[in-house]
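Hi there,

Here is the structure I promised to pass on to you. Please have it open while you read, and my notes will follow below.

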Amino acid sequence: MSPSLFFHLVLVEAKKLMSYRVDFWITMVVALVVNLVILWALWEAIFAESGKELIGGWDLNGILAYGVMVFLTGRIVRGGDLQMTVATDIYDGALSRYLLYPRHYPFIKYAQQVGNILPDLFQSLMMGLVAIPLLGISTTADVTPMSLLMAIPSILVAHLLFFLMSLTPQYIAFWADNVWSLSVMLRFVTMLLGGAMLPLTLFPESIQVGLHWLPFSYLFEFPTLVALGKIDLITWFEGICYCLLWSLLIGLLSIPVWRRGDLRYTGVGI
Amino acid sequence: MNRYLRLYLQFLKFSFSRSLEYRMDFWFRIVMDCMFYVVELIFFTILYQHTDMLGGWNYDQILIFVSGFLVIDAIHMTVFSNNMWWMPILVNKGDLDYYVVRPVSSLFFLSLRDFAANSFLNLLIASGILCWSILRYPGELETINLIWFLFLIINGAFLHYILQMFFQIPVFWTHTNRGLVTAFFSATKLMERPDMIYSIWTRRILMTVFPALLVIALPSRILFEGPDPLLISWVLGVTACSFLGMRAFWNLALRHYSSASS
């Protein structure tokens, strides 16, 4: 796929999303306020009632910074609701149009997905500018320009991994009448096991070891730890490579599902 | 009243037969909701590995609180969720005409006509989790507290519906209410935490302006601390006022409905 075509699709998708301006701002403001209120209330209560100064290797300001940062990066990694469009294309018969294009369907969808995250990226940046100055100084997190720069490629590969993970449940639409539940299920599992709900260091030791061998932590925890300056350069490079390897593996696994489904596709919609 | 009951029975029959047509989705949705229950329970279990109390409640109490929320969520998914999904579509396409002209309340018809039979199974599962959490509770729970708690859970599910309607109805004026609905679901997270973790001002707001704490946090408090008449009156009063406000808002919206694509 040529880069110019890729970026053209990215811009088309971003413009479409930005056109719903009121929705865009309401979603952003409410999500930010609610998230900050809950984060602050919950962790202040836990630190106060447990009497501990460090929980899972984090102090209060550190865990608040983690909560804000994982919320901001997670929005970009999940990249809006575009995941359902694959199933919708199959149900409506709109997939036929893409099958005639001289480019592979997942590549076109990925370009659209990247376009879809541009408004999320903009929102996250705006929210970060508002939220991060409100946080106090932590002894367990150190956000620097370098750590933020390192976080950008980490978020992009995490986004690619999430996109590829979402593909196979969407391809089930070739067989099932509704796969929305599968996408929501994927979201629940990845949010919990990926560290979007809680830092993984709070999980029991044995579960942490198991999670280390799964791809979920690269989705949310890894980019967040990079942004918070908790990952050194070598570990960061290893993390990016592991994330790409998982992407490759999951991408390869989706190919036979696509091929099988493609054979069943009638092109008239369901 | 009888006419509405008979109508609702027809809705149930139709919804059950339709949901069994899509068998795979039937099971997917059940598994999805079970996954949600597991995630919620694990979340609090992990938190309690690091503290003994949260918002003044111990682990056994928080399990009842979370299970209560799961029951409310299951009632919402079973009774209201599908209808909430269809409402903006009907308004935007102008299909609301068919419901406005019928000789029954359009609010009743549009809020209750689609009963999610698959989520009904989840309601049974969530109720089972609530029973389990109550039975394993080591302290003593008085029967009167329990009766009030169960009654207020049903009230909480109704209040949850009313609050969502406030975010749905603006679709009569706007092209899309997607942002508002997303905002509502973000805001529902406020219900999923114990009330006492919030500061006094946040609590005041969450008991009046956006009464999220009245959904399950205060009913749980009544279960553990006994029925406080003032608190119960407050919960029921706010629910009644919210319902009247929502109905007035709905009627206002209907007056602004211009048929064929608002």
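This is a predicted model: local features need pLDDT of at least 70, side-chain atom pairs count only at pLDDT 80 or more; totals for chains, interfaces and linings use all residues.

**Salt bridges**

Side chains of opposite charge can pair when their charged atoms come close. Counted over all chains, there are 4 salt bridges here.

Let's begin in chain A. Asp89(A) pairs with Lys109(A), and their closest N and O atoms are 3.0 Å apart. This pair links distant parts of the chain: Asp89(A) sits in helix α4 (residues 83-92), while Lys109(A) belongs to helix α6 (residues 105-131), 20 residues apart. Are these two partners buried or exposed? Asp89(A) has a relative accessible area of 8%, so it counts as buried. Lys109(A) is buried as well, because its relative accessibility is 3% and the cut-off for buried is under 20%.

Now over to chain B, where Arg136(B) and Asp60(B) meet in a salt bridge, with 2.8 Å from N to O. Here too the pair links distant parts of the chain, 76 residues apart: Arg136(B) lies in the loop between α6 (117-135) and α7 (143-168), and Asp60(B) is in helix α3 (residues 59-93). Arg136(B) is partly exposed at 32% relative accessibility, whereas Asp60(B), at 16%, counts as buried.

Also in chain B, the side chains of Asp195(B) and Arg221(B) form a salt bridge at 2.9 Å, N to O. Asp195(B) is found in the loop between α8 (178-187) and α9 (200-207), and Arg221(B) in helix α10 (residues 217-225), so to speak two distant parts of the chain, 26 residues apart. Asp195(B) is buried at 3% relative accessibility, and Arg221(B) is buried with a relative accessible area of 10%. Which residues are joined into one network by salt bridges that share partners? They are Asp195(B), Arg221(B) and Glu225(B).

**A nonpolar patch on the surface**

Back in chain A, have a look at Tyr242(A), Leu245(A), Leu248(A), Leu252(A) and Ile255(A). These residues form a nonpolar patch on the surface, and together they have about 490 Å² of accessible area. One of them, Leu248(A), is found in helix α11 (residues 233-264). Leu248(A) counts as exposed because its relative accessible area is 52%, and exposed means over 50%.

Methods. Residues are numbered from 1 along each chain as its sequence is written. Chains are lettered from A and ligands numbered from 1 in the order in which they are written. Side-chain values use heavy atoms; hydrogens and water are left out. Patches are made of residues with over 30% relative accessible area and no salt bridge: like charges are joined within 9 Å, nonpolar side chains (Val, Leu, Ile, Met, Phe, Trp, Tyr) within 5 Å. Accessible areas come from the Shrake-Rupley method with a 1.4 Å probe; for residues, only the protein chains shown count as cover. Helices (H or I, at least four residues) and strands (E, at least two) are DSSP runs, numbered from the N terminus. Buried means under 20% relative accessible area, exposed over 50%, partly exposed in between (1.4 Å probe, protein chains only).
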